[in-house]
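Biologist: Could you walk me through this protein, starting with the overall picture and then going on to its charged side chains?

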Amino acid sequence: MMLIRLFSFSLLALLLTPAARAYELLYTAIIDPETKLARVELALKGEDIPSKLVLNLSSGRYKDLKSTQDLQEKGDKAIWRTEGNESKLSYSFVIDNQRKNGGYDSRITKDWAILRSDKLIAPISATSSGRSSDTRLKLVMPEGWSSALPYPEIEDGLYQISDPNRRFVRPKGWMIVGKIGSRQDYISGTDTRISGPKGQNIRRQDVLAFLNWNLPELKKIFPLFPDHLLIVTADDPMWRGGLSGTRSLFMHADRPLISGNRTSSMIHELIHVGTGIHGDDQSDWIVEGIAEFYSLEILRRTGGISDDRYQEAMDKLIRWGKKAPSLLVKRSSGPVTARAAGVMLELDKEIREASDGKASIDEVARALASTRGEVTLERFRKLSEQAAGRPVKTLTLENLTSKSNKILKDQAKKSPDDGGGERQGQDH
């Protein structure tokens with residue numbers, strides 16, 4: 001009886017204790033096309049706000065930092081120490097960013113701006129008491145401008161930012177502001193929006209139809225696919241390729257939905273969005289190989305290409321992959337990614353045969369996407385062996401590093417080498 005009373009008292013005390021309230025975190029970004037800058041302010045308010053925040057300034061795009069409290073800049077870091085229940089910090093962010101090949105992955109004009117919100121807000125590590133932040137982003141824009149981000153819009157230009165994996169939340173993913181046009185639909189539970197500058201040759205409805213056709217199949221493999229998806233698209237001078245981000249991606253307006261080699265850059269980037277994985281120094285081929293494999297596999301499953309066309313496309317990728325002597329490189333592109341797609345095909349066959357058709361590479365990809373984050377060859381091999389129920393020969397080091405691996409030997413018996421096809425490189 002005494003134990004019951006003690007338990008009842010403890011439970012009552014717990015119920016009567018006020019829940020720890022989240023502190024308020026408001027990001028405000030004033031977009032200025034004349035200066036090509038965004039003036040950004042971080043405002044903290046509430047009990048037990050973070051006592052110390054360290055901003056990473058290594059990109060060189062953050063200028064003129066100011067704070068109402070102690071702020072010290074040391075090299076490529078800024079250390080912001082707060083006191084009391086309110087504190088503010090501001091800086092200017094350089095929007096334009098041109099890649100080595102001449103295209104922009106961040107750009108502002110007199111009529112629009114395209115950038116990533118996780119670049120707009122500097123990377124921050126926070127020291128706090130453990131309370132989470134109630135986070136919002138406010139965009140202040142020229143008259144007549146509107147905005148699109150992969151987050152719920154509370155009111156014009158005000159977004160609720162959430163990340164269940166972090167207490168101190170930053171916005172992430174692509175964003176577009178300005179004189180823009182959009183098409184929107186709910187596809188298999190995902191609020192999907194296609195946005196681009198007005199006056200450009202952007203096929204918004206074509207992209208939306210393509211997603212209605214293929215996204216449901218993709219979500220069968222990746223059921224944790226985000227509930228918001230923003231696809232930003234624009235013409236030159238933006239980078240002529242695809243770039244994925246959190247809940248979002250950018251695709252140049254000239255990129256075909258299905259390329260001449262029958263792969264799909266759009267589906268490739270959607271796989272990156274769905275998995276949310278990145279490789280270590282020798283595992284980027286896993287990330288890119290999965291995306292390239294499914295860029296064909298999804299189309300085959302939805303009837304976008306026939307089984308014969310699918311096999312032809314895979315054959316060309318495998319032949320192109322002959323130019324890659326090893327998959328264990330820091331950055332996967334071109335022949336390495338092509339060879340990696342062939343490895344994924346062979347792994348899928350091996351898992352299906354070993355499990356009598358009860359499992360496939362889908363289980364492996366789904367498991368990776370369930371935890372997101374970094375993927376290693378060791379983890380990829382372990383998940384594959386769990387799906388197969390036995391060790392897998394496809395993922396031996398000899399098969400991944402030898403130029404004359406089993407896949408290439410088998411393929412050489414089928415058809416001559418025609419050099420494969422070219423495709424635009426990917427980033428994520």
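Modeller: What follows is a short chat about the fold, the surface and the salt bridges.
Modeller: This is a predicted model, where local features need pLDDT of at least 70 and side-chain atom pairs count only at pLDDT 80 or more, while totals for chains, interfaces and linings use all residues. Residues are numbered from 1 along each chain as its sequence is written, and side-chain values use heavy atoms, with hydrogens and water left out.

Biologist: How many helices and strands does the protein have?

Modeller: The protein has 11 helices and 24 strands, counted as DSSP runs numbered from the N terminus (helices are H or I with at least four residues, strands are E with at least two).

Biologist: And what share of the residues is buried?

Modeller: Of the 428 residues, 50% count as buried, where buried means under 20% relative accessible area, exposed over 50%, and partly exposed in between (1.4 Å probe, protein chains only).

Biologist: New topic: how many salt bridges are there?

Modeller: The search of the whole structure finds 19, each being a side-chain nitrogen of Lys or Arg within 4 Å of a carboxyl oxygen of Asp or Glu.

Biologist: Which side chains does Arg240 meet?

Modeller: Arg240 meets Asp236 at 2.7 Å, N to O, and Asp254 at 3.0 Å, N to O. Arg240 lies in the loop between strand 19 (228-234) and strand 20 (242-245), and Asp254 in the loop between strand 21 (248-252) and helix 4 (265-275), so this pair ties together parts that are 14 residues apart in sequence.

Biologist: Is Asp163 buried or exposed?

Modeller: Asp163 is buried, with a relative accessible area of 16%, whereas Lys172, its salt-bridge partner at 3.9 Å, N to O, is partly exposed at 26%.
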